[in-house]
Amino acid sequence: MKNEAELISWSVRLILKSVIVSAKCAAACRSRFLTEVFVPSADELLKEVALLRQKVAELEGLISIFRSQLEAKSERRHLTIKERLSVMWHMEFFGIPRCRAKEYCGICSSTIYCWLQGIRHTTTSTSPANKTSEEIVKLVWEIAQKNSGWGKLRIAHQLGLLNILIAASTIR
């Protein structure tokens, strides 16, 4: 019995040693392969460094947001304006979707939508959004008066060449 137990323990040790040695050998082969095959150019290295710096900046911002939340004394506290702006800036700059705000910033997406609701309802313009601006109306009248043979479709096409997209029915 004792010999069998010793034999089993020695075999287990040998199996573990062989796994460790094979892993080391595989790692050495992998690193040698990567250094031989993947030799990036200077431009690729600069691009990768820029991307990594951007990711570091994103993570540093998120860490500062989490630290401010951890330092809070109560569970349901209101974020300061500076913290709100920081959260919104990071979400927009790094392209974090609002539905994943809880995952990234620890803030419910409904809270983000409440913040945005206050921004969206304040309009400084008194004219409706679907009304054609006065400058475009003046431009259309000038074109129509100087080119009396042109129709609404041709005027719309000419304005389209100037990157002013307007429908022929609007010109009518």
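Predicted model: local features only at pLDDT ≥ 70, side-chain atom pairs only at ≥ 80, totals over all residues.
Local features need pLDDT of at least 70 and side-chain atom pairs count only at pLDDT 80 or more, while totals for chains, interfaces and linings use all residues. Residues are numbered from 1 along each chain as its sequence is written, and side-chain values use heavy atoms, leaving out hydrogens and water.

Colleague: Let's start with helix 7; which of its residues are buried?

Modeller: Helices here are DSSP runs (H or I, at least four residues; strands are E, at least two), numbered from the N terminus. Buried means under 20% relative accessible area, exposed over 50%, and partly exposed in between (1.4 Å probe, protein chains only). In helix 7, residues 152–161, the buried ones are Ile155, Ala156 and Leu159.

Colleague: Why do the buried residues line one face of helix 7?

Modeller: The arc is taken from the directions from the helix axis to the C-beta atoms. Seen down the axis of helix 7, the buried residues line one face because they fall within an arc of 100°.

Colleague: Which helices do those buried residues pack against?

Modeller: The face turned away from the buried side carries the exposed Leu153, His157 and Leu161. Contact means heavy atoms within 4.5 Å. The buried residues of helix 7 pack against helix 6 (134–146) and helix 8 (168–171).

Colleague: Which side chains meet in a salt bridge?

Modeller: A salt bridge needs a side-chain nitrogen of Lys or Arg within 4 Å of a carboxyl oxygen of Asp or Glu, and the structure holds 1. The two partners lie 3 residues apart in helix 2 (residues 42–70), separated by about one helical turn. At 3.5 Å, N to O, the pair is Glu58 and Lys55.

Colleague: How many residues does the largest nonpolar core have?

Modeller: A nonpolar core is a set of buried Ala, Val, Leu, Ile, Met, Phe, Trp, Tyr and Cys residues joined through side-chain atoms within 4.5 Å. Those with the most contacts inside the largest core include Val87, Met88 and Trp115, and its total is 14 residues.
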